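My entries follow in the order in which I looked.

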Amino acid sequence: ASFTVSLRAVDNITVTIKPRPGVSPSCQIWVKTVIRFELKIKPGENVTFTFSCSTPEKYFIMEIQKNIDCVLGPCPFGEVHLYPPGLPRLNRTFIWDVKASTKAGLELKFSTPWLRQIEPGETCPDFISYNINSRIDTATVNIGTFCRNGSVSRVKLLGGVVMSLHLPWDSPLTTSGFNIANRASIKRLCIIESILKGESSITLMSPNYPLGFPEDELMTWQFVVPSNMRASVFFHNYSLSNCERKEERVEYYIPGSPSNPEVFKLSDSQPANIAGSFNLSLQGCDQDAQNPGVLRLLFQVIVQHPQVDENVTHLVDLSKERNMTVTIHFEGWPGRTPRMSDPMCLICKDPRSCDRVLTLASGAIYKISFLCKDLSRLRITAEKGISCVDPRWCQRKIYSLSVPKAITQLPIRLHMFIWKLSAPDLLNVEITSPSLKLQQHVPEQRCNTSYSYSIISATPVAELNVGVFCPGGAIEKIQMRNNITISLKTFGKGFLNESNHQDLKMSFVPHIKDECTFTVSPGPKAKLYLQTPNGPYGLPPYVSISWYISVPSKQVARLGFSKDRMGIACETGRAYVNIKEEAPGAEETVRREDELLPGPRNMYHDFWVNVSNCKPVDKKQLILQFWVNFTDKQIDLGVILAVVAGAGVLLAVGLTVCCVKKKKKKSQNPMVGVYNTNVNTRVPGKQGLFPKGRKNNESHVYAVIDDAMVYGHLLKESNGLVAPEVDVYRPFDGPTGSLPPSPPPFSFRKDIKRCSNTEEPPPVTDTDHDTYTFAHQKSDQSEDSGDKNEKNSGDKNEKNNGDMSMSLLENKEEEGLAE
């Protein structure tokens, strides 16, 4: 098809058809027999042309520019038409360049549904957009880009105007949608009028956004709001320039205000809950020529009905609190920025000072109100700091880690309460929960309460995530080094009812040995799952963790590990698991990272579990979990029979001795006994029992050689990087009930050689007097399969010793009968 464009000279219109940017020129323009890739039709020309393709909209765009001079000639007030007709269906831009005097500004009035300002780069839904520029002398200022269907009804500009309308090739629009209303001196860059009807939200930007507001300029937004509605202003994005003179600010003119204009900094909370219409002006400053900076502003105006409870105030008394802040915010803060379409929830410190986020500081009393239809969208996050200045006074004080009633009584859900605990160098932090106790959240034992505690131990270099805990478990006490952060997080609405029963306490205690120590006091017949901290990332290198687990009376604790090995390989040092039962003569079980972990075993007394990490070869860290199951003690029938048999033997011996004494009384007169300290009262043994003497027999040699008794010369082959502090690994022998078992030093690099029953035991040096010591093994304790040979040897030795004792007793009875 051919097109004919006829332009009158009086209209001062130019039509330009040019290639679409970024598209290869696969289509041409034919003007008679001439091929062109661009066509420009000037005022007064009449041109007929065709395209060499059937879809020219893919390859060409069109600009229609009309120049209007309102300085030298009459200004064409009224509706602006789309002219000329009969243009080809291409993506087209209509441009109206209107020249005007700076003493007489121009007013553009838009037809309904008015305009909506958009950010640079944003696209209108129907691809129809308006761009408004103000021209003062040779300078051009971009007032903004707008889509249809908005609230902007009029724009007044100082000086000339360059108005652009972008239409897609298939747009059915036949009118420009605006008219030039009149000329009026406004003495500022521009005035934008916005009419808001009903509940709505609009976003506006300063001219030249985001490049920068012109230096020392002034502009105004006029907001027309129904008298029965309330408007609130929120600054979402702004920056300031470097001022040499004056100060950048915003000014509000609010009808009925006693202090018009009300002046605010851009960093202030802007007025809210404004009744009726108001004006907002932005004032620039004289900028530094060397470093001008950028003044820009993007803000939101929200209009809503007055809330039913806007006059209801809530008292928040923080006058007795110290080092605490309370923040009331919308759901998802601070990670999520609220969308413009989200229902508005405002928190007000006074009727005119409202915001989406409000922070209250301790030491004051606040009266707050809410402009929100649904308070369930609001949350509270609080933070409190506790530090120790005087260690002598701190150690005598117990701090309560509970949420203050000033927070729980608000009709808003508590999202998180954070305690930041700072201990001095010589002190550590102890967390206790005497009545509720704590349960560690692990996959096998998940928390299902309305709140939980997340505990993190932090240093300036690294941090240790101790774990997540909830009330209702068996952990009574946690001692930690470094600074501690405890975060209480709520789930659901149940916390309001359970908040009255909080019993978490904190105190400063003397320096502890391990990074973290747990004290576990379970109830009867409980089953616990405990795990090393910092899951799922693993225990950091060279960190030691201990658990002290009390076993209730008449109960037996069965201890087991969730896997067979630690699952790591050490680059430096060794990783150890130590188990030590608090009972006289109890053995300490030690396993390294290259050994199998102990199998399930019964513990009849309070015991320690200590886990010490090395520096692993790869990034895989140590994660270890164990369980403890508590059951009632079972009485062994064999023990009862042995006790009864022993009682019978003792009764028989007693009757025999009694008969002998009665016989002696009848045959002899009673004698008077005198105590003589110089007489040796020891019963002489028969020479036939030990004819070789102590040095020549092996009665004093131990039948069982414990790993811990191996002499240090067996470790000389060690190739560790650090020399061991002692020449042999020794078992834990410190005071029971207060300290965990000492982990082996990290300097040990090779396996400690173990003595078996086939090796010659090391000689035992003689002493001044002949006393015999036998290491008896408890019959009710489980033993490893690797120690069966040693146990059999010990049992055999005990039997021989028992035979010797019975021989001595028989000899003594024979001497008594002979007398």
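I began with the link of Cys-70 and Cys-75, which is right-handed, with 65° about the S-S bond. I took a disulfide to be a pair of cysteine sulfur atoms within 2.5 Å, and for this pair the S to S distance is 2.0 Å.

Before going further I noted that this is a predicted model, in which local features need pLDDT of at least 70 and side-chain atom pairs count only at pLDDT 80 or more, while totals for chains, interfaces and linings use all residues. Residues are numbered from 1 along each chain as its sequence is written, and side-chain values use heavy atoms, with hydrogens and water left out.

How many disulfides does the structure hold? I found nine disulfides, and I followed up some of them here.

For burial I used relative accessible area, with buried meaning under 20%, exposed over 50% and partly exposed in between (1.4 Å probe, protein chains only). Cys-70 counts as buried because its relative accessibility is 3%, and Cys-75 counts as buried because its value is 10%.

I turned next to Cys-124 and Cys-147, which a disulfide joins with an S to S distance of 1.8 Å; the link is left-handed, with -90° about the S-S bond. This pair links distant parts of the chain, 23 residues apart, with Cys-124 in the loop between β11 (115-118) and β12 (129-136) and Cys-147 in strand β13 (residues 139-148). Strands, as I name them, are DSSP runs (E, at least two residues), numbered from the N terminus. Both Cys-124 and Cys-147 are buried.

Why is the disulfide of Cys-348 and Cys-354 right-handed? The torsion about the S-S bond of Cys-348 and Cys-354 is about 110°, so I recorded the disulfide as right-handed. Their sulfur atoms lie 1.9 Å apart, and Cys-348 and Cys-354 are both buried.

I then looked up the sheet, which is open and has four strands in the order β1-β6-β3-β4, with antiparallel pairing; two strands pair if DSSP finds at least two bridges between them. Because β1 (2-6) and β4 (34-36) stand at the edges with a single partner strand each, one side of each is left without a neighbour in the sheet. From one strand to the next the twist averages 35°, where axes are lines fitted to C-alpha atoms and angles run from 0 to 180 degrees between N-to-C directions.

Within this sheet, strand β3 (residues 29-31) pairs with strand β6 (residues 46-51) in the antiparallel sense over two bridges, and I noted Ile-29 opposite Phe-51 in β6.
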